[in-house]
Amino acid sequence: MKKPPRSKPLLRDAEAPIRSRPRGKRNPAQPQLLFDPMPERVEPALAELKSRPPKGNEWNWELKLDGYRLAVHIEPQGIRILTRGGHDWTHRFPAIEQAARALGPATMIIDGEAVVLDAEGRPDFGLLQQSLGASGRQAGNRASDAVLYAFDLVYLDGHDLRGVEYRSRRHLLEDTLNAPGNDQVGAIRLSETLDGEPAVLLEHVCRLGLEGIVGKHLDRPYRSGRTGDWVKVKCIQSEAFFIVGYEKSANFAAGFASLVLAAYRGDDLVHVGSVGTGFKETEIIRLRKVMDTLRWKRKLPPLPYSGGADIVWVEPTLIAEIEFRAWTSDGKLRHPSYKGLREHQDNADVFRLD
């Protein structure tokens with residue numbers, strides 16, 4: 001039996017080295033697209049509060065969502081979900097992380113709001129807080145039932161979109177989320193555009209018991225901070241305040257009657273009233289345990305106080321989201337109601353009276 005012929009080497013030592021073909025000259029009529037490195041983090045664009053919607057056709061209107069602002073980074077090495085303050089909360093939103101993986105292999109940064117929906121399909125900040133366990137020892141829990149409503153696209157496949165006008169970013173976001181195979185009823189959904197006169201939209205949204213509306217200027221780039229490119233109009237006022245103490249309860253020794261609230265005026269804290277409604281019993285017990293670890297150890301309270309109630313003062317550490325109707329003439333909250341605690345990693349802005 002003959003031996004099989006030996007295969008010839010692909011490259012002989014005596015042969016000339018292989019060279020690549022010379023590159024052709026670039027067509028000057030074809031622009032050269034440079035790839036932008038993905039930002040490690042993007043400081044979010046924020047909406048300015050307005051008493052009424054601005055007029056004009058240059059605005060895109062959406063629902064104002066009652067949740068946590070998140071940036072979802074879909075990168076070659078994996079998924080990162082960052083809070084408004086830049087903290088990595090990927091582990092706290094497993095369903096959103098899984099949905100983000102399904103959007104790959106494209107690289108992108110999606111800007112949106114994480115919410116938990118109630119039985120009627122409305123965002124409920126209290127339910128989100130219960131999922132995250134932010135009000136006590138359960139901090140660090142996973143919000144497995146949270147949904148991210150995406151409303152902007154900051155980066156896509158090697159291109160930083162912050163310099164692109166909003167109308168184009170919106171089209172790219174819609175194309176990305178509505179691509180075949182993407183599930184619009186999953187944990188990442190498109191924040192829908194509201195069609196109609198903004199004043200009429202606001203009236204309808206408020207009648208449904210929702211938070212309000214947000215307008216984004218169609219011709220503006222993505223700019224971090226409150227620039228006026230984005231505006232918000234609320235149905236009911238809701239802001240973040242420091243908890244600086246609690247009034248003891250005569251009927252519930254393990255709880256409290258109300259929380260004492262404070263806001264900033266300049267660099268100082270000032271008393272803006274107390275809140276005694278909006279609590280569930282389990283939340284009252286958890287809050288009381290946390291506040292007792294933060295008791296004010298000095299003789300004087302942490303701010304000027306002229307009330308007559310017997311207050312247990314605490315370090316101004318906890319930040320509460322409070323819903324209220326208006327301000328009284330002496331600078332106190334009118335008809336306040338407790339919604340939940342904000343976490344420091346959410347980078348909540350404590351209300352400033354100035």
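**Loops, aromatic rings and a cavity**

Colleague: In which loop is P316 found?

Modeller: The answer is read from a predicted model. Strand β14 covers residues 311–313 and strand β15 covers residues 319–324. P316 is found in the loop between β14 and β15.

Colleague: Is P316 buried, partly exposed or exposed, and which residues does P316 touch beyond four places in sequence?

Modeller: The relative accessible area of P316 is 24%. Because buried requires a value under 20% and exposed a value over 50%, P316 counts as partly exposed. Beyond its sequence neighbours, P316 touches F242, I243, V244, L269 and W296.

Colleague: What distance separates the C-alpha atoms of P316 and F241?

Modeller: P316 and F241 are 75 residues apart along the chain. F241 belongs to strand β11, residues 237–247, whereas P316 is in the loop between β14 and β15. The separation of their C-alpha atoms is 9.5 Å.

Colleague: Which residue forms an aromatic pair with F241?

Modeller: The pair is tilted, with 5.7 Å from centre to centre and 45 degrees between the planes. It links distant parts of the chain, as the partner lies in the segment after β18 (337–342), 110 residues from F241. Both members of the pair are buried. The partner of F241 is F351.

Colleague: How is the aromatic pair of W59 and W61 classed: stacked, edge-to-face or tilted?

Modeller: This pair belongs to a structure that holds 16 aromatic pairs. The ring centres of W59 and W61 are 6.3 Å apart, with 35 degrees between the planes, and both residues are buried. Because stacked requires under 30 degrees and edge-to-face over 60, the pair of W59 and W61 is tilted.

Colleague: Over which ring does the charged end of R92 sit?

Modeller: Y68, W89, F93 and F125 form one aromatic cluster. The charged end of R92 sits 4.5 Å from the ring centre of one of these residues. That ring belongs to W89.

Colleague: Over the face of which residue does K216 lie?

Modeller: K216 lies at 4.3 Å from the ring centre. K216 lies over the face of W230.

Colleague: Which residues lie nearest the centre of the largest cavity?

Modeller: A search of the whole structure finds one cavity of 30 Å³ or more, and the volume of the largest cavity is about 110 Å³. Its lining has 15 residues, which divide into eight nonpolar, three polar and four charged. Nearest the centre lie V42, P44, L70, A71 and T83.

Colleague: Which element gives the largest share of the lining of the largest cavity?

Modeller: Two or more lining residues come from each of β3 (68–75), β4 (78–83) and β5 (108–115). The largest share is four residues. Those four residues come from β3.

Colleague: What is the phi of H335?

Modeller: H335 is found in the loop between β17 (333–334) and β18. With a relative accessible area of 57%, H335 is over the 50% limit and therefore counts as exposed. Phi of H335 is also a positive value in a residue other than glycine, near 55 degrees.

Colleague: Which residues are in contact with A254 beyond four places in sequence?

Modeller: A254 is in the loop between β11 and β12 (258–265) and is partly exposed, at 41% relative accessible area. The contacts of A254 are I285 and R288.

Colleague: What percentage of contacts between residues at least 6 apart join residues at least 24 apart?

Modeller: The protein chain has five helices and 18 strands. Of its 354 residues, 45% count as buried. Among contacts between residues at least 6 apart in sequence, the share that joins residues at least 24 apart is 68%.

Technical notes:
Residues are numbered from 1 along each chain as its sequence is written. This is a predicted model: local features need pLDDT of at least 70, side-chain atom pairs count only at pLDDT 80 or more; totals for chains, interfaces and linings use all residues. Side-chain values use heavy atoms; hydrogens and water are left out. On a 1 Å grid over the protein atoms alone, a cavity is a set of points where a 1.4 Å probe fits but cannot get out, and a pocket is an open set with protein on both sides within 12 Å along at least five of seven lines; lining residues have an atom within 4 Å of a point. Grid points are joined across faces, edges and corners, and a volume is the space filled by probe spheres set on the points. Ala, Val, Leu, Ile, Met, Phe, Trp, Tyr, Cys and Pro count as nonpolar, Asp, Glu, Lys and Arg as charged, and the others, Gly among them, as polar. Rings of Phe, Tyr and Trp (its six-membered ring) pair if their centres lie within 6.5 Å; planes under 30 degrees apart count as stacked, over 60 as edge-to-face and the rest as tilted. Buried means under 20% relative accessible area, exposed over 50%, partly exposed in between (1.4 Å probe, protein chains only). A charge sits over a ring if NZ of Lys or CZ of Arg is within 6 Å of the ring centre and within 35 degrees of the ring normal. Contact means heavy atoms within 4.5 Å.
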